[in-house]
Structure formats: C-alpha cells, structure tokens
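Dear colleague,

I am handing over the structure we spoke about, and below it you will find my notes on what turned up in it. Please read them with the model open beside you.

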Amino acid sequence: MTAVETRLLSEAEIAAYRRDGYVVPDFCLPEATVARMRAAFADLEAANAHLTTDFILCPHLPDPAVQKVKGGPEWLEFATIPEILDMAEQLIGPDIILWGTTVFGKPPGKGKRTPWHQDANYWPMRPAHTCTAWIALDEATVENGCLQVIPGSHRGERYYKHSVNQDRGLTLNQELDASEFDEADARPILLKPGQVSFHDSFLVHGSEPNRSPRRRAGYVVRLMPGNCVWDRDYGVELARKSRDIDFATRQLCQVRGRDLTGRNDSVDPASVWPRES
C-alpha cells in the first residue's frame, strides 16, 4: 500500500460516512505531530486563564471575537494538515472553506457535558453542510467522556427540535429534546491519540462529563464545501441565542479550491497571521 493510499479514505469508509453520518478512518497522525499539538494545548491553556479548557473557540484566528482567545498560527497549521484535508475532500469535494475550530480540553474529574444536539441547528451556512474533523490529542474513552453519536440520524437532513438550556455545566446551550431520538441507539467514538473522526453537520451527537482521572482533549476542525454561503445576517440572529459564539464576524479561510458561490468573503490562510518583518 502506498503512502497516499494510507491517508485516504477507502470506498468502504466513504460509504460508512454516507450511511451512518460519521467515520473513523484507518489513519493516525504521527506521534511527533500529536506531541506538538499537546504542547500547543499547554501553551493555549496558560495564555487563556480566563477560560475553562472545556471549550476554547477558534485559536487558529488572531481575533476570535467573543471569548477573546489568545491563540496562534500553529492552530491554523493543525487545522490544515494535508492528510486531513485530503480525507475531507473525499467527503465534501475539492472546494473547502475552513470556518471554525474548537479545542475541547475536557479536564479530568470535572469536564463538562456536551448535550445531545445537531450542529446544523445553530450554524449560519446555507445549506447547512459541514464536515467536522475531530482530532484526538488524548485517548477518548467512555469513562472520560468521548463523543457519542446516533448513527444514521443525519439522513434526510431533518432539523430536530432543540430547546435552550443555560446550565453552565454544559459546553453549549442548545439541547436536543429527548422525544426526538432514542439514546439507546448511541454509539461511542473511541479514539487513540492522533486518530481522527469525521461527522456530518446533521448527525445527532453529544458527550458525557469526564468523571475519570484522565483528560480528554481534542481539536475540532469545521470545513464547509465551497457551494455553501456563510450568511452573516443569519449569524447575527443566531448570536442572540448562542452562548460565547459570534458567527457574524468570523473570518473564513479558503483552504482548498475556490468559493463556488462568489458570496463568501474567505481569505487565503497565508494572510491570516501577520508576519514579523
């Protein structure tokens, strides 16, 4: 098997993503890359003492708005790892816009719960198509609150009913109504450090608190196909309902191909972080 083949999704993996709404490829980042990401996470935590590490938004941008995160260009580098973009391209096409990243640093013994939800319910792109890459910095297990999904819940792109829950013990404030799904169908996404999962924006998913003595950190990359429009006016409306999130001013990066709509103000990633003269 060639190096290219080992980092690309197989036909069976692509079929699984279409059928189930998620896939865990037979792929793992090099140990050296994972070590760099862990070191960057430690620096991020030290630079953002005003934030819980459960939920740190857009460290890949110099001005990530609401949370006032002090990030760095290394997070943009991690968000554009070629192998991950290669696999995303097989799922959403060659025209890719990076519109968001999140560090979920769920600390041991107190990491917050992420309520059951659909991402498409509170994102301002039309149509609401995004492929999320979830990169494990630590081992993700049931005990430390790994991602859980409802396989196949993305089919038909139906918007499930959500309610607002302002409990600060949650990472976000929009929660899927219990009558909309059967939690008995949940499947845990177990990952080793460096493994990656991909999931569809309509997939129902969530995670339990971290009740273990081990951290569960992950880096999440949001990738939108170039035939979608980032609706900033709708982003203003969503910001009234969302907590700690500002979609209206979010900077978009054209990481592959081009904007097929002509309506997105995406920029070249090389222009995002000012270079020292």
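The lining of the largest cavity draws at least two residues from each of β3 (96-106), β4 (114-118), β6 (131-136), β12 (204-207) and β13 (216-225), where strands are DSSP runs of E with at least two residues and helices are runs of H or I with at least four, both numbered from the N terminus. Among these, β3 gives the most, with six residues. This is a predicted model, so local features need pLDDT of at least 70 and side-chain atom pairs count only at pLDDT 80 or more, while totals for chains, interfaces and linings use all residues. Residues are numbered from 1 along each chain as its sequence is written, and side-chain values use heavy atoms, with hydrogens and water left out.

A cavity here is a set of points, on a 1 Å grid over the protein atoms alone, where a 1.4 Å probe fits but cannot get out, whereas a pocket is an open set with protein on both sides within 12 Å along at least five of seven lines; lining residues have an atom within 4 Å of a point. Grid points are joined across faces, edges and corners, and a volume is the space filled by probe spheres set on the points.

By this rule there is one cavity of 30 Å³ or more, and the largest cavity holds about 320 Å³ of space. It is lined by 29 residues, of which Phe55, Thr102, Phe104, Tyr122 and Arg222 are the closest to its centre. The lining comprises 12 nonpolar, 10 polar and seven charged residues, with Ala, Val, Leu, Ile, Met, Phe, Trp, Tyr, Cys and Pro counted as nonpolar, Asp, Glu, Lys and Arg as charged, and the others, Gly among them, as polar.

The largest pocket has a volume of about 250 Å³, and of its 14 lining residues the closest to the centre are Arg18, Ile92, His129, Glu157 and Asp200. Two or more residues of this lining come from each of α2 (11-20) and α5 (82-92), and the lining divides into six nonpolar, five polar and three charged residues.

Best regards
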